[in-house]
Amino acid sequence: QVQLVESGGGLVQPGGSLRLSCAASGSIFSINAMAWYRQAPGQERELVAAITSEGRIDYADSVKGRFTVSRDNAKNTVFLHMNTLKPEDTAVYYCNMIVRPALIERSYNYWGQGTQVTVSS
């Protein structure tokens, strides 16, 4: 059983910074893409940033230049460094990984439980 556990959310003032972490645990053979999504109240879940196993990175236009995604393959962990936060960044942030479990010939899509990020003065 593969599980994703997130940490690092909280309340921050506009212009501040936060770092989110998401670690995968369980019997894992490999992890392809890792990504962060967010969902604000009344809105659909949207992609924030993604990083493949080859290191290709994509960002939503709204966070380019402010957010940085990175991964530690040895620890099966993905990070999201968020700088210059704005009130419109307020949302529940979810990590997502495409994981191939050990002894399984295909990959599956896994989600974290979500962590609240609130940007407010």
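**Ground rules.** I am working with a predicted model, in which local features need pLDDT of at least 70, side-chain atom pairs count only at pLDDT 80 or more, and totals for chains, interfaces and linings use all residues. Residues are numbered from 1 along each chain as its sequence is written, and side-chain values use heavy atoms, with hydrogens and water left out.

**The core.** I looked up the largest nonpolar core first, and it has 31 residues. Such a core is a set of buried Ala, Val, Leu, Ile, Met, Phe, Trp, Tyr and Cys residues joined through side-chain atoms within 4.5 Å. Buried here means under 20% relative accessible area, while exposed is over 50% and partly exposed lies in between (1.4 Å probe, protein chains only). The members that touch the most others are Trp 36, Val 78, Leu 80, Met 82, Tyr 93 and Met 97. Several strands give two or more residues to this core, among them strand 3 (18-25), strand 4 (28-39) and strand 9 (91-101). Strand 9 gives the most, with five residues. I take strands from DSSP runs (E, at least two residues), numbered from the N terminus.

Next I checked Tyr 94, which lies in strand 9 and counts as buried at 15% relative accessibility. Residues that Tyr 94 touches, again leaving out those up to four places away, include Glu 6, Gln 39, Arg 45 and Trp 111. Leu 4 is 90 residues from Tyr 94 in sequence, yet their C-alpha atoms are 9.7 Å apart.

I followed strand 9 to its partner, strand 10 (residues 108-111); the two run antiparallel and are joined by four bridges. Strands pair if DSSP finds at least two bridges between them. Val 99 stands opposite Tyr 108. Six residues sit between the strands of this hairpin, where Leu 103 takes a positive phi near 70°.

**The disulfide.** How many disulfides are there? I count one, taking a disulfide as a pair of cysteine sulfur atoms within 2.5 Å. Cys 22 and Cys 95 form it, with their sulfur atoms 1.9 Å apart. Cys 22 is in strand 3 and Cys 95 in strand 9, so the pair ties together parts 73 residues apart in sequence. Cys 22 is buried at 0% relative accessibility, and Cys 95 is buried with a relative accessible area of 0%.

How values were computed
Contact means heavy atoms within 4.5 Å.
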